[in-house]
Amino acid sequence: PKTKAALTRYQTMNGLTASGALGAATIAEFESDLKANPAVDTGDEVVPYTFWSKETTENLLRYYGPVGENQVKIDTPYRMVLAWDTDTVLNKITCHKKVADSLYTALENVSYLYSEADIIKHGFHLFGGSLNVRKIRGGNRWSTHSWGIAIDIDPARNGLHASWDEAYLGKPECRDFVDCFKQEGWYSLGLEKDYDAMHFQASVS
């Protein structure tokens with residue numbers, strides 16, 4: 001059942017007939033993704049980041065389409081607030097339709113693993129942004145936020161220039177939170193690149 005559900009979601013995200021069966025079209029699409037996005041070796045295990053496109057403008061445009069388009073809204077599985085205005089409760093998150101189910105699943109799993117009090121304590125409820133059509137800081141290419149395929153969490157304690165060891169999300173008690181995204185193939189810049197710890201994206205950097 002889990003395999004069929006995963007296949008159905010993959011087919012839906014890639015514009016295929018959502019049958020849950022591994023047919024020729026699904027195999028061809030998956031092989032294309034594998035060629036474009038090789039697995040990432042993190043040292044102690046190989047993580048199948050092949051599920052999402054690699055972070056080049058060409059690949060992102062091919063896989064996700066034009067920036068700012070194909071957006072949907074998902075419910076927040078637990079109570080979230082704007083990081084810069086904690087009096088504003090967030091009920092919906094705007095993201096690309098291809099990552100919507102995956103993002104919801106990652107956040108939903110967080111709600112299963114952590115109590116409401118612990119979610120607040122660790123800042124998992126502090127939403128720092130998702131869709132934001134802009135260029136990367138100090139560069140000319142589009143940010144992954146431009147496609148709505150990234151999310152920032154608790155920016156104040158997980159800054160752009162903070163190392164993973166310095167970031168709050170790098171603490172052992174936050175490991176399960178990070179793993180919820182990792183299990184969905186979302187790439188943590190803090191964990192993998194040692195900067196911008198707030199940032200998780202459905203693309204391999």
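β3 and β5 run parallel and are joined by two bridges. They sit in an open six-stranded sheet with mixed pairing, where strands pair if DSSP finds at least two bridges between them. This is a predicted model, so keep in mind that local features need pLDDT of at least 70, side-chain atom pairs count only at pLDDT 80 or more, and totals for chains, interfaces and linings use all residues. Residues are numbered from 1 along each chain as its sequence is written, and side-chain values use heavy atoms, with hydrogens and water left out.

**The whole chain**

- The protein chain has seven helices and eight strands. Both kinds of element are DSSP runs, numbered from the N terminus: helices are H or I with at least four residues, and strands are E with at least two.
- Of the 205 residues in the protein chain, 45% are buried. Buried means under 20% relative accessible area, exposed means over 50%, and partly exposed is in between (1.4 Å probe, protein chains only).
- Take the contacts (heavy atoms within 4.5 Å) between residues at least 6 apart in sequence: 58% of them join residues at least 24 apart.

**The sheet, strand by strand**

- Strands of a sheet pair through backbone hydrogen bonds, either parallel or antiparallel.
- Reading across, the strand order is β4-β3-β5-β6-β8-β7. β4 and β7 (187-188) are the edge strands, each pairing on one side only.
- β3 runs antiparallel to β4 (residues 85-96), and eight bridges join the two. They form a hairpin with two residues between them, and Gln71 has His96 in β4 as its bridge partner.

**Two loop residues to look up**

- Trp84 is in the loop between β3 and β4. Is Trp84 buried or exposed? Trp84 counts as exposed, because its relative accessibility is 60%.
- Leaving out residues up to four places away in sequence, Trp84 touches Phe127, Gly128 and Gly129.
- His145 is in the loop between β5 (126-129) and β6 (150-153). With a relative accessible area of 3%, His145 is buried.
- Which residue's side chain joins that of His145 in a polar contact of 3.2 Å? The partner is Asp152. A polar contact is a pair of N or O atoms within 3.5 Å; within protein, one must be able to donate a hydrogen and the other to accept it, and residues adjacent in sequence count only if both atoms are side-chain atoms.
- Not counting residues up to four places away in sequence, the residues that His145 touches include Leu131, Arg134, Ile151 and His199.

**A mostly covered helix**

- In α6 (residues 175-182), six of the eight residues are buried. Among them are Phe177, Cys180 and Phe181, and also Asp179 and Lys182.

**Empty space**

- Rolling a probe the size of a water molecule over the atoms shows where empty space is left.
- On a 1 Å grid over the protein atoms alone, a cavity is a set of points where a 1.4 Å probe fits but cannot get out, while a pocket is an open set with protein on both sides within 12 Å along at least five of seven lines; lining residues have an atom within 4 Å of a point. Grid points are joined across faces, edges and corners, and a volume is the space filled by probe spheres set on the points.
- One cavity of 30 Å³ or more turns up in the whole structure. The largest cavity holds about 50 Å³ of space.
- Tyr78, Arg79, Glu116, Ile119, Ile120 and His125 line the largest cavity. β3 (71-82) and α5 (116-121) are the elements that give two or more residues to this lining, and α5 gives the most, with three.
- The second largest pocket has about 280 Å³ of space. It is lined by 16 residues, and those closest to its centre are Ile136, Arg137, Leu189, Tyr195 and Asp196.
- By class, this pocket's lining has four nonpolar, six polar and six charged residues. Here Ala, Val, Leu, Ile, Met, Phe, Trp, Tyr, Cys and Pro count as nonpolar, Asp, Glu, Lys and Arg as charged, and the others, Gly among them, as polar.
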